[in-house]
Amino acid sequence: MTPTTPTVDRSTGAIAVVGAGIAGLAAALTLADAGRDVVLIDRRTFPRRKACGGCLNERAVAALDALGVGHILDDAPITTHLSVHAGRHRLRRPLPPGRAMTRATLDERLRDAAVERGVRFLGGQAARLGDVDDAARRVHVGALTLDADVVLLADGLAGTAAGSHLPPPVIRRRSPIGLAVVLPREVAPDATDPGEIRMMIGPGGYVGVTRVEGGRLTIGAAIDPRRAPAAETARDVVVRIVRPHRPGLADALAGASPDEWFGAPPLARRRPCLATSRVLVIGDAAGYVEPFTGEGMAWALDAGRRA
């Protein structure tokens, strides 16, 4: 049987948002509030993990409030200060109050809020751009085909939805990779102080530790494995950086099973072209620099709302 091919009603100004990360979700919520017909597409099913420190700074929290979804952070711990540890050097600086939450929880709650506002969600299906004409841009989603007035590409670092319709991103030489793991509260109860975003820097990269919802720990790292001894894996680099500062946490990280770790492709990149006919690229898919204390999600939320 030939599958039904749905066509989005262009008379309502329908928009396809490819990628249900922070930028795509902010765009979908903003468009839904403006009365637009929105189809949100993500290649993963929810909840899904993302390699991210989970920090939302003051601007990011304000952006979620402006979107009318600030309540989803009610159980997220408040962050109040940054501590940086590099060798024998220490730096502690106060921060405007922020929040910390795993991306699995944050993105799923934002997705649910978007669906409640009328956004149509297609999860677990990869999208790719199709042809364009004077009326619409075609988007292929699995066996389905959509026609949309505009497509917002927010499919992240590893996004391939643009295909040959846009030049690929340029990855910076010696770009680090992302690596993350979420640990239970009891595994390393003294890993952070209340309100702390702890950054530990060492040969081969840096590691951030933050307390998130439920008292769990999110450990996010940017690692350059090429600077590590040949026998070390990226996980070994993380453990080595952490050990001088938090040996108990280092032991917990070393004992975590490989299935608990998840990663991201080379981080530092830029896309030389951000638009083509009826298509705009936003969020990490547009380019990436390494944020430190929650700026990344603030930038993504801002990009989605502006788009």
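Is R278 buried, partly exposed or exposed? With a relative accessible area of 29%, R278 is partly exposed, because that value falls between the 20% below which a residue counts as buried and the 50% above which it counts as exposed. The structure discussed here is a predicted model, and its chain is built from 6 helices and 20 strands. The points below move from the chain as a whole to its nonpolar cores, to one helix and its cover, and then to individual loop residues.

**Overall form**

- The radius of gyration of the chain is 20 Å, which agrees with the value near 19 Å that a compact globule of 307 residues would have.
- Of the 307 residues in the chain, 50% are buried, and the accessible surface comes to about 14,000 Å², with 53% of it belonging to carbon and sulfur atoms.
- When contacts between residues at least 6 apart in sequence are considered, 70% of them join residues at least 24 apart.

**Nonpolar cores**

- In soluble globular proteins, nonpolar side chains tend to be buried together.
- The largest nonpolar core of this chain holds 38 residues, and those that touch the most other members are L56, L64, V69, L73, L106, L110 and L301.
- At least two residues of this core are supplied by each of β1 (15-18), α1 (22-33), β2 (38-42), α2 (58-66), α3 (103-116) and α6 (295-306), and the largest share, 9 residues, comes from α1.
- Once neighbours within four places in sequence are set aside, L73 is in contact with L56, V61, L64, R99, M101 and L106.
- Another core, of 24 residues, lies apart from the largest one, and its members include A188, V207, A221 and L253.

**Helix α4 and its cover**

- Helix α4 spans residues 234-242, and within it A234, V237, V238, V239, I241 and V242 are buried.
- The cover over these buried residues includes the strands β12 (177-183), β13 (196-202), β14 (205-211) and β15 (217-223), together with the helix α5 (247-255).

**Backbone geometry in loops**

- Most residues other than glycine have a negative phi, and most peptide bonds are trans.
- The peptide bond from F46 to P47 is cis, with omega near -5 degrees, and P47 lies in the loop between β2 and β3 (55-56).
- R174, although not a glycine, has a positive phi of about 60 degrees; R174 sits in the loop between β11 (170-171) and β12 and counts as partly exposed at 45% relative accessibility.
- R278, the residue of the opening question, likewise has a positive phi, near 65 degrees, while being a residue other than glycine, and R278 is placed in the loop between β18 (275-276) and β19 (279-281).

**H165 and its surroundings**

- H165 is found in the loop between β10 (150-153) and β11, where H165 is partly exposed with a relative accessible area of 30%.
- Not counting residues up to four places away in sequence, H165 touches L129, G130, R137 and T276.
- H165 and V207 are 42 residues apart along the chain, and their C-alpha atoms are separated by 36 Å.

Note on methods:
Residues numbered from 1 in each chain as written. Predicted model: local features only at pLDDT ≥ 70, side-chain atom pairs only at ≥ 80, totals over all residues. Heavy atoms only, no water. Helix = DSSP H or I, 4+ residues; strand = E, 2+ residues; numbered from the N terminus. Rg over C-alpha atoms; globule rule 2.2 N^0.38 Å. Buried < 20%, exposed > 50% of the residue type's maximum accessible area, 1.4 Å probe, protein only. Contact = heavy atoms within 4.5 Å. Areas by Shrake-Rupley, 256 points an atom, 1.4 Å probe, with all protein chains shown as cover. Core = buried A, V, L, I, M, F, W, Y, C linked by side-chain atoms within 4.5 Å.
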